[in-house]
Amino acid sequence: MPDLSAMLEQGPVICAEGYLFECERRGYLQAGAFVPEVVLDHPEVVEGLHREFVHAGSDVVEAFTYYGHRQKLRVIGKEDILEPLNRQALAIAAKVARETGTLLAGNLCNTNVYEPGTPAAGEAGAAFEEQAAWAAEAGADLVIAETFSWLGEALLALEAIQAVGLPAVVTFAVHREGTLRDEPSPAEACRRAEQAGATVVGLNCIRGPRTMLPLLGRIRDAVSCEVAALPVPYRTTEAEPSMQALRDPGRGGAQAFPTALDPFTCTRQELGEFAADALALGVRYLGVCCGAAPHHIRAVAEAAGKTPPASRYSPDMTKHSFLGTDPGIVKAYQEYAGNL
Ligand SMILES: [Zn+2]
């Protein structure tokens, strides 16, 4: 059985995420509630996407249970599909992980009802317990608990994962202000999660490469465990540091999140550069979150020195009809390149 800690000892681990956005773009998931009913309605789409991400270099197959918890299903009036949805998502991911020798990850995330000291906090904890138990029953190698803007909620998720005896990756979502809602310092939140038993801690989602990178050094310094970094592939800036903050000048300054982020999409090169910079800081669990496509994942994997199956098709511009330098390229066409 693949083992997260053993794999990290050997080198960087790549984890592709972003299933919600990608299934939405493909027309199999509704933006708004963002509930992954696709795992029941079109399991072949989810399985195919898992395979594409592994082909591109992901070492982890994350079961698509993001926003598949009790609180989200209640919002769409479908609590009755909670257990079938979770079990099916885990079964789809397990099939791909076992066939490809990758890690099978269960997934817990923010409930969007949690507030400290309220009954909702207890309900969040109960939701994590049932999801973590299903992940364990499906034979998960680890559970990813992610996108938490409350440290307290993340610690509840971690507790549920530890109760089923699985390694935990705990990642925080740092919004515009650069803090969590109950802890000013993301680095301190990571330190607390490590202390509470997480195998890997770090950041995912919300921030693009440019505005996530500056936070990583402090996290690396604050903990002794492995650190995770999974930005969104969008060109966030100091002025607009989160994908939710991005305003599109091409659309009169309208908010781009969540369905009009396309003009802000990072190139594969930008993700590769981010991965190289993060690796230089000592971050060894790398991936891409909402908005990720396979070419981004391949760029991250290649920056980490890997050659996934998709690297067979990585660009070789020497053979391009106009831009190439190969002896087989017609000279007149090379000379015309400047007119393209
Ligand atoms: Zn995300």
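The legends below describe views of a predicted model of one chain.

**View 1. Overall fold of the chain, with 13 helices and 10 strands.** Helices (H or I, at least four residues) and strands (E, at least two) are DSSP runs numbered from the N terminus. Along its principal axes, the C-alpha trace spans about 75 × 45 × 40 Å. The radius of gyration is 20 Å, which agrees with the value near 20 Å for a compact globule of 340 residues; this radius is taken over C-alpha atoms, and the globule rule is 2.2 Å times the number of residues to the power 0.38.

**View 2. The largest nonpolar core, comprising 101 residues.** Such a core is a set of buried Ala, Val, Leu, Ile, Met, Phe, Trp, Tyr and Cys residues joined through side-chain atoms within 4.5 Å, where buried means under 20% relative accessible area (1.4 Å probe, protein chains only). Phe 64, Val 170, Phe 172, Met 243 and Leu 286 have the most contacts inside this core. Helix H6 (residues 82-100) gives the most to the core, with nine residues.

**View 3. Surroundings of Phe 64.** Leaving aside neighbours within four places in sequence, Phe 64 is in contact (heavy atoms within 4.5 Å) with residues including Tyr 19, Leu 20, Pro 36, Val 46 and Ala 89.

**View 4. A second, separate core of 14 residues.** Among its members are Leu 4, Cys 15, Val 200 and Ala 228.

**Notes.** Residues are numbered from 1 along each chain as its sequence is written, and side-chain values use heavy atoms, with hydrogens and water left out. Local features need pLDDT of at least 70 and side-chain atom pairs count only at pLDDT 80 or more, whereas totals for chains, interfaces and linings use all residues.

Key: Buried means under 20% relative accessible area, exposed over 50%, partly exposed in between (1.4 Å probe, protein chains only).
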